[in-house]
Every structure is written in structure tokens, then in C-alpha cells.
Amino acid sequence: MKGTSSAPTEGTDGAEESGEATETAETIEAIEALDADGEKLFPVSSRCIVVQEAPTSAPMNKMNVLRMEQEFALLVSAKQKGENPRMKLFLDTANVRHVAEIAAWGVLDGVTTNPSLVAKEGKAFKATVLEMCKHVPCVSAQVTETDANGMIKQGEEYSSWNKHVVVKVPMTTEGLKALKRFRSKGIKTNTTLVFSVSQAILAAKAGANIISPFIGRLDDASEDGMGLIADIMEVWHRYDFDCEVLVASTRHPRHIVEAALLGAHICTVPYEVFAKLPMHPLTDVGLKKFLEDWKKTNQ
Ligand code: G3P
């Protein structure tokens with residue numbers, strides 16, 4: 001935190017008169033106290049990102065600082081409890097070739113599929129899922145039955161295919177009944193089509209291992225998709241839900257960055273967006289120059 005705490009309060013014209021700057025400085029002092037507690041638990045490199053960046057691209061303000069204070073306290077507490085928070089990246093696809101390609105980068109933790117993605121590829125569902133299971137330890141396969149008994153039967157079959165299969169269940173009341181049953185049988189689940197905090201809470205209480213709020217589709221409807229993730233993470237911080245939050249329906253790299261800043265456990269990313277994540281024009285320019293200069297050395 002050292003060397004970064006003064007920046008947020010600079011340039012806040014008029015804020016000092018209202019007392020806002022003083023309160024922000026006090027809040028930053030509180031963060032630094034937490035920082036001292038966490039000194040041995042987190043390397044400075046991982047913490048300074050949390051402090052320098054606001055959870056959204058909005059300018060640093062008191063609310064953002066408070067949120068970061070809370071998130072850092074939670075990280076310290078999770079670490080003290082022996083937990084090891086680690087963001088997971090999934091590919092949102094039914095294309096096996098794309099899974100193999102990204103998995104080869106060594107950064108892929110799982111895959112999410114859905115009936116629309118499977119239809120787009122036009123390949124056999126079971127064979128596709130099984131092929132993906134060779135590359136990653138977590139492949140979401142969605143049930144297409146709509147009543148609880150049908151979902152349970154279908155999900156039990158999917159999970160018998162491979163231990164990497166996670167049964168994807170829609171967020172309906174029938175889905176909730178099925179989730180409870182799957183949890184009691186030790187079958188891993190991902191609840192899809194989550195669009196509200198109340199749905200997130202119900203799915204987690206019913207036993208979902210993962211919930212998938214769809215942020216892009218909320219944005220498409222003029223709502224605030226990432227705001228939903230912020231709200232869900234806030235609720236998750238207050239309770240002990242044994243359920244990971246997977247940010248779905250992502251549309252661009254900034255979604256992944258903002259999900260990470262909010263501490264979401266998993267982000268599922270379409271292939272076209274994943275392909276953009278390693279890119280930066282300055283990396284290309286820098287490498288070109290390094291290689292040109294190296295040639296001049298005649299080695
Ligand atoms: O897999 C579910 C989700 O990620 C779908 O995204 O782009 O169809 O809203 P999208």
C-alpha cells in the first residue's frame with residue numbers, strides 16, 4: 001500500500017472543505033492498518049493492484065476506498081482461515097478445438113457450454129463434453145429437461161460420463177429442487193440464467209456449487225450487469241455460502257478485469273474475447289524493438 005495511498009485524494013477540489021478528503025484519508029489509514037496485519041499474508045505485488053484500481057473505471061472515491069478496505073479485510077481473513085482465493089478462467093464454448101488451443105496456454109480452468117453453443121457447433125453433445133474433459137477439470141453440461149425429476153435423471157447421466165462434468169441447471173423453482181438433490185448426491189452443479197441477487201441466494205441455499213449471473217444480457221437490457229456482480233459479492237462476503245460466483249455472458253476484456261477486481265471466483269469468456277486478453281500493442285512494439293536491437297549485436 002505504501003506509495004499508493006496519497007494518489008486517490010489528490011485533485012479532489014472542494015472535497016477538503018466538505019470534510020470528504022479527511023474521511024478518505026482516515027479510511028486509507030484504516031486500510032494501512034489492515035495492510036500491516038496482512039503484510040506476511042500477501043505479497044505487495046498482489047495487494048497494490050487492489051488499492052490502485054477502483055472496482056470499476058470510476059474515479060477513486062470514498063465508496064470505492066471503503067469497498068477495497070472491506071475486500072482486503074476479507075482476503076486477509078480468508079487467508080488466515082487457510083483458504084487460497086484464486087480466480088478461475090473458463091472458456092464459454094462448445095468448440096473443442098478452441099478449448100484445446102486456450103488450454104495449451106496453461107491458463108484454462110474450465111469450460112461452460114449451453115444448448116445454443118452446442119447447436120452452433122452442430123456436433124454430438126456427449127462426445128463434445130467428453131473431449132473437453134480431457135483438457136480441463138470442470139465442464140458445465142446443461143440439462144434440457146424442465147421438471148425436477150427430469151433434470152435429476154439427465155444430470156445423473158451427465159455426471160456418470162466423467163468426473164469433470166458439472167451439471168448446469170436453470171434458475172427455476174424446479175431447478176432449485178434438483179439442485180438440492182444433486183448436492184445430497186455429491187453431484188457438482190452450476191446454476192445458469194441468474195439475473196438477480198435473490199436468485200443467486202436461492203440457488204446457493206439450494207446447494208449450487210456455482211452460480212452464473214449473466215452480465216452482458218443485463219447490459220443489453222439497459223441494466224447494470226457488473227453492478228449485479230458487485231451486489232452478489234457483497235452478500236457473499238457477509239455469509240458463508242459454499243458456492244462460487246461465475247461471471248457469465250462476458251463481452252469484452254474489461255468485463256474480466258472488473259470481475260477480478262470485485263473478487264468474483266470464476267469468469268467464463270467467449271473465445272473471441274479470450275484471444276484478446278494477452279494482447280497489448282506496446283508488447284508488440286517493445287518486442288519488435290528488442291529483436292531489432294538484438295540483431296545489431298551480431299550474436
Ligand atoms: O454460457 C452462458 C453465457 O455465458 C451466455 O452468454 O453472450 O449468450 O449472453 P451470451
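Here are some numbered notes on the structure above, which is a predicted model.

1. **The overall picture.** Let's start with the whole chain. The protein chain has 299 residues, and 33% of them count as buried. Its secondary structure comes to 15 helices and 8 strands. If you look at the contacts with a separation of 6 or more, 56% of them join residues 24 or more positions apart. A couple of such pairs turn up in the points below.

2. **How H8 meets H9.** Now to the helices. Two packed helices are described by the angle between their axes and the distance between the axes. Take helix H8 (residues 148-161) and H9: their axes are 8 Å apart, and the packing angle is about 40°. H8 is therefore oblique to H9. Which hand does the crossing of H8 and H9 have? The crossing is right-handed. On the H8 side you'll find Ala148, Met151, Ile152 and Gly155, and these meet Glu174, Gly175, Lys177, Ala178, Arg181 and Phe182 in H9. In this contact of H8 with H9, 5 residues are nonpolar, 2 are polar and 3 are charged.

3. **How H9 meets H10.** Follow helix H9 (residues 173-184) on to H10. The axes of these two come within 8 Å and cross at roughly 30°. That angle is under 35 degrees, so H9 is roughly parallel to H10. From H9, the residues taking part are Leu176, Leu179 and Lys180, and they meet Leu202, Ala203 and Ala206 in H10. Sorting the contact of H9 with H10 by type gives 5 nonpolar residues, no polar ones and 1 charged.

4. **How H10 meets H12.** Helix H10 (residues 197-206) also packs with helix H12 (residues 225-238), at an angle of about 40° and with the axes 10 Å apart. H10 is therefore oblique to H12. The crossing of H10 and H12 is right-handed. H10 brings Val197, Ala200 and Ile201 to the contact, while H12 brings Leu228, Asp231, Ile232 and Val235. What kinds of residue make up the contact of H10 with H12? There are 6 nonpolar, no polar and 1 charged.

5. **Lys168, a lysine to look up.** Find Lys168 in strand E4 (residues 165-170). Is Lys168 buried or exposed? Lys168 counts as buried, because there are 25 C-beta neighbours inside 10 Å, and the cut-off for buried is 20 or more. Leaving out neighbours within four places in sequence, Lys168 is in contact with Ser140, Ala141, Gln142, Val143, Asn190 and Thr192. Thr112 comes back in the next point.

6. **Around the ligand.** Which residues are around the ligand? They are Asp92, Thr112, Asn114, Phe214, Gly216, Arg217, Ala248, Ser249 and Thr268. This shell divides into 2 nonpolar, 5 polar and 2 charged residues. Keep an eye on Ser249 in that list, as the next point is about its backbone.

7. **Two residues with positive phi.** Ser249 is not a glycine, yet its phi is positive, at about 60°. You'll find Ser249 in the loop between strand E7 (244-247) and helix H13 (253-261). Ser249 is buried, because 21 other C-beta atoms lie within 10 Å. Asn298 has a positive phi too, near 55°, and is likewise a residue other than glycine. Where does Asn298 lie? Asn298 is in the segment after helix H15 (281-296). Asn298 counts as exposed, because there are 5 C-beta neighbours inside 10 Å, and 12 or fewer means exposed. So Ser249 is buried, whereas Asn298 is exposed.

8. **A loop residue, Leu262.** Last stop: Leu262 sits in the loop between H13 and strand E8 (266-269). Leu262 counts as buried, with 20 C-beta neighbours inside 10 Å. The cut-off for buried is 20 or more, so Leu262 makes the count with its 20. How many residues apart in sequence are Leu262 and Gly227? They are 35 residues apart in sequence, and from C-alpha to C-alpha the distance in space is 9.9 Å.

Note on methods. Residues numbered from 1 in each chain as written. Predicted model: local features only at pLDDT ≥ 70, side-chain atom pairs only at ≥ 80, totals over all residues. Axes fitted to C-alpha atoms, helices over the stretch in contact; angles between N-to-C directions. Helix = DSSP H or I, 4+ residues; strand = E, 2+ residues; numbered from the N terminus. Parallel < 35°, antiparallel > 145°, perpendicular 65-115°, else oblique. Left-handed = near helix turned anticlockwise from the far one by under 90°. Contact = placed C-beta atoms within 7 Å. Nonpolar A, V, L, I, M, F, W, Y, C, P; charged D, E, K, R; others polar. Near = placed C-beta within 6 Å.
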